[in-house]
Each structure stands twice: as C-alpha cells, then as structure tokens.
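Please keep the sequence and the structure in view while reading.

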Amino acid sequence: MPPGAAEACFDALAAQHLATGSDRDHARALFEEGQREDFPLTRFVNQVRRDIHRRRDLVDNLLLHLVFFYSFDQV
C-alpha cells in the first residue's frame, strides 16, 4: 500500500461514520495500534468472529468496509 493510503482510507471512513471528534480520536488510536508489527492479529480476528457471529448486519457492514478499503488501495 502506498505511504499514507491506509491513513487516507481511515480518514474517509471516519468522516463518513464517526460523528464526534472523540469517537474519531478513539478510532484513530485503535487504527494506529493495529498498524504495529506486534499487533495480535489472529487473536483480534478470532474475537471479532465471536462478537459478530450470526449478526448478518455486522458481517455485511464489515465486508462493505473491507471492500471499500481494498478498492481505495487499488486507486
């Protein structure tokens, strides 16, 4: 991913979905945590899977944002 592309995509999603500055600040902190080399990705993905299990609306929303992120990367 080109430098700055992930941040730009995050900013676009945050502007669209997060109303307050404090929500954006919290999301930004989580985003930056996920960028660390030692981020426990497998543990995180397993937790997300448990949390959204059988919640079709959440699965659809997650997939929509992943596709958006991927298409943003392709530009």
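A salt bridge is counted here when a side-chain nitrogen of Lys or Arg lies within 4 Å of a carboxyl oxygen of Asp or Glu. The model shown is a predicted one, and a search of the whole structure with that criterion finds 5 salt bridges.

**Salt bridges**

- Side chains of opposite charge can pair when their charged atoms come close.
- Arg36 takes part in a salt bridge with Glu33, for which the N to O distance is 4.0 Å, and Arg36 also forms a salt bridge with Asp38, where the closest N and O atoms are 2.8 Å apart.
- Through these contacts Glu33, Arg36 and Asp38 are linked in a network of salt bridges.
- Another salt bridge joins the side chains of Asp57 and Arg55, with an N to O distance of 3.1 Å.

**Exposure of the paired residues**

- Asp38 has a relative accessible area of 55% and is classed as exposed, because the exposed class begins over 50%.
- In the other pair, Asp57 is partly exposed with a relative accessible area of 47%, while Arg55 is partly exposed at 40% relative accessibility.

**The nonpolar core**

- The largest nonpolar core is made of 5 residues, namely Ala6, Phe10, Ala14, Ala27 and Phe31.
- The elements that give two or more residues to this core are α1 and α2, and the largest share, 3 residues, comes from α1.

**The largest pocket**

- Rolling a probe the size of a water molecule over the atoms shows where empty space is left.
- The largest pocket holds about 1400 Å³ of space, and its lining consists of 27 residues, of which Phe31, Phe44, Leu62, His65 and Leu66 lie nearest the centre.
- Two or more lining residues come from each of the elements α1 (5-17), α2 (21-34), α3 (41-52) and α4 (56-74).
- Sorted by type, the lining of the largest pocket contains 19 nonpolar, 5 polar and 3 charged residues.

Conventions
Residues are numbered from 1 along each chain as its sequence is written. This is a predicted model: local features need pLDDT of at least 70, side-chain atom pairs count only at pLDDT 80 or more; totals for chains, interfaces and linings use all residues. Side-chain values use heavy atoms; hydrogens and water are left out. On a 1 Å grid over the protein atoms alone, a cavity is a set of points where a 1.4 Å probe fits but cannot get out, and a pocket is an open set with protein on both sides within 12 Å along at least five of seven lines; lining residues have an atom within 4 Å of a point. Grid points are joined across faces, edges and corners, and a volume is the space filled by probe spheres set on the points. Helices (H or I, at least four residues) and strands (E, at least two) are DSSP runs, numbered from the N terminus. Ala, Val, Leu, Ile, Met, Phe, Trp, Tyr, Cys and Pro count as nonpolar, Asp, Glu, Lys and Arg as charged, and the others, Gly among them, as polar. Buried means under 20% relative accessible area, exposed over 50%, partly exposed in between (1.4 Å probe, protein chains only). A nonpolar core is a set of buried Ala, Val, Leu, Ile, Met, Phe, Trp, Tyr and Cys residues joined through side-chain atoms within 4.5 Å.
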